[in-house]
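User: Hi! I have a structure open here and would like to talk it through. Could you start with the terms you'll be using?

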Amino acid sequence: MSAVRILDTISQCLSEAQLDSHEVQQKALKTLVSITKVSPKNRNLLAETEGAIPVFLNLSKSSDSIIQALSLSILFNLSLNPNLKQSLAEIQNIYHLNSVLVSPNSPESSRLASSLVCSLAMLDKNKAKFGVAGTVQLLVKAVSGPHGPAAHHLLSSLAELVQFHGNCTLAVRAGAVPVLIQVVKSTDGEDLAGTSLAVLCLLVRFNEGLNALRKTDGIVSLMVDVLRGRCMLSKEGASEILIRLFDESEGCVRDALRLPEFANVLADLSVRGSAKARERASLLMRKMMDAELDTYVDGSPMFFQWQ
């Protein structure tokens, strides 16, 4: 389809999308979803059409769940173009996205809104904007609730945002560490647990996150439990967290030494783990060997008795 025909289609669909008929609106929006799904050029043409973005933002407030979802889908498609991420992340647009995250009309709208946040946050310049707008705290609150179909997308958005130090601080102060720990402990799925551990790994890069994790009761035992029976993504995250804890806390090293299964867990991971997990298991072994607890811990045999 030529650029002229695309522009004509965009113009017609934008007009129809603003009519009172939900049926006409849905048809027009579906057409725009279709033409922006795979074509970066079409996305630019739509974004450059005067008044287009405000139309979709307005329609994404619709009480009709289908119209809301379709509008969010168009905005998400537009956000895939790197050159459009900054303009789409104007502060008022972010505030609007926050309102959808808080009160979506459907699980699909929640999924699309969180995916849009994640896509826009991939541009580093946008990360601080979301922090200023309060998106980080809203995501933490959303993750703390019942885990619906959008849970993984919410966690992925949080993971993208906390790559910025300022957002890490906001997340920790909003209670992200205990919330994520609860997700790890839950039985809602390995996918959610693995992503939660990945977010925790990002948080513990900085003192506020690391201190919050160190204060968690039984944190070493929980991470060892993850190493013993979870998916490889979870094991990679848990081993990274243990490395950070051991670097900063001799008490955490002692806690690990008191767990009789820890040595065997590390031995198994160093053989059957992924390349990243094996590397981390080897580092954990070296840290244990270098600890000043060479032979006994509270009367227990030395850590490397299996060797």
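Analyst: Happy to. Contact means heavy atoms within 4.5 Å. Helices (H or I, at least four residues) and strands (E, at least two) are DSSP runs, numbered from the N terminus. This is a predicted model, where local features need pLDDT of at least 70 and side-chain atom pairs count only at pLDDT 80 or more, while totals for chains, interfaces and linings use all residues. Residues are numbered from 1 along each chain as its sequence is written, and side-chain values use heavy atoms, with hydrogens and water left out.

User: Great. How many helices and strands are there in the protein chain?

Analyst: The protein chain has 20 helices and zero strands. Its C-alpha trace spans about 80 × 35 × 30 Å along the principal axes.

User: And what share of the residues is buried?

Analyst: Of the 307 residues in the protein chain, 51% are buried. Buried is under 20% relative accessible area, exposed is over 50%, and partly exposed is in between (1.4 Å probe, protein chains only).

User: Let's look at α19. Which of its residues are buried?

Analyst: Helix α19 covers residues 262-272, and its buried residues are Phe 262, Ala 263, Val 265, Leu 266, Ala 267 and Leu 269.

User: What covers them?

Analyst: The cover over the buried residues of α19 includes α16 (219-229), α17 (232-248), α18 (250-257) and α20 (275-290).

User: Then what about α16, which residues are buried there?

Analyst: In α16 they are Ile 219, Val 220, Leu 222, Met 223, Val 224, Val 226 and Leu 227. These buried residues pack against α13, α14 (190-203), α15 (207-214), α17, α18 and α19.

User: Which residues have the most contacts inside the largest nonpolar core?

Analyst: Those are Phe 56, Leu 200, Leu 203, Leu 242, Phe 246 and Phe 262, in a core of 100 residues. A nonpolar core here is a set of buried Ala, Val, Leu, Ile, Met, Phe, Trp, Tyr and Cys residues joined through side-chain atoms within 4.5 Å.

User: What is Phe 246 in contact with, leaving aside its neighbours within four places in sequence?

Analyst: With those neighbours set aside, Phe 246 is in contact with Cys 252, Val 253, Ala 256, Phe 262, Leu 284, Lys 287 and Met 288.

User: New topic: Val 143. Is that one buried or exposed?

Analyst: Val 143 is buried, because its relative accessible area is 5%. Val 143 lies in helix α10 (residues 135-144). Beyond its neighbours within four places in sequence, Val 143 is in contact with Leu 154, Leu 155, Val 179 and Val 183. Val 143 and Leu 155 are twelve residues apart in sequence, and their C-alpha atoms are 6.9 Å apart.

User: And Val 184, where does that lie?

Analyst: Val 184 lies in helix α13 (residues 176-185). With a relative accessible area of 0%, Val 184 is buried. From C-alpha to C-alpha, Val 184 is 8.8 Å from Ser 234, which sits 50 residues away in sequence.

User: I'm curious about the serines too. Why does Ser 73 count as buried?

Analyst: Ser 73 counts as buried because its relative accessibility is 16%. Ser 73 lies in helix α5 (residues 65-79). Apart from its neighbours within four places in sequence, Ser 73 is in contact with Val 33 and Leu 112.

User: Where is Ser 39 found?

Analyst: Ser 39 is in the loop between α2 (22-37) and α3 (40-47). At a relative accessible area of 17%, Ser 39 is buried.

User: Okay, Asp 124: buried or exposed?

Analyst: Asp 124 is exposed, with a relative accessible area of 59%. Asp 124 lies in helix α9 (residues 124-133).
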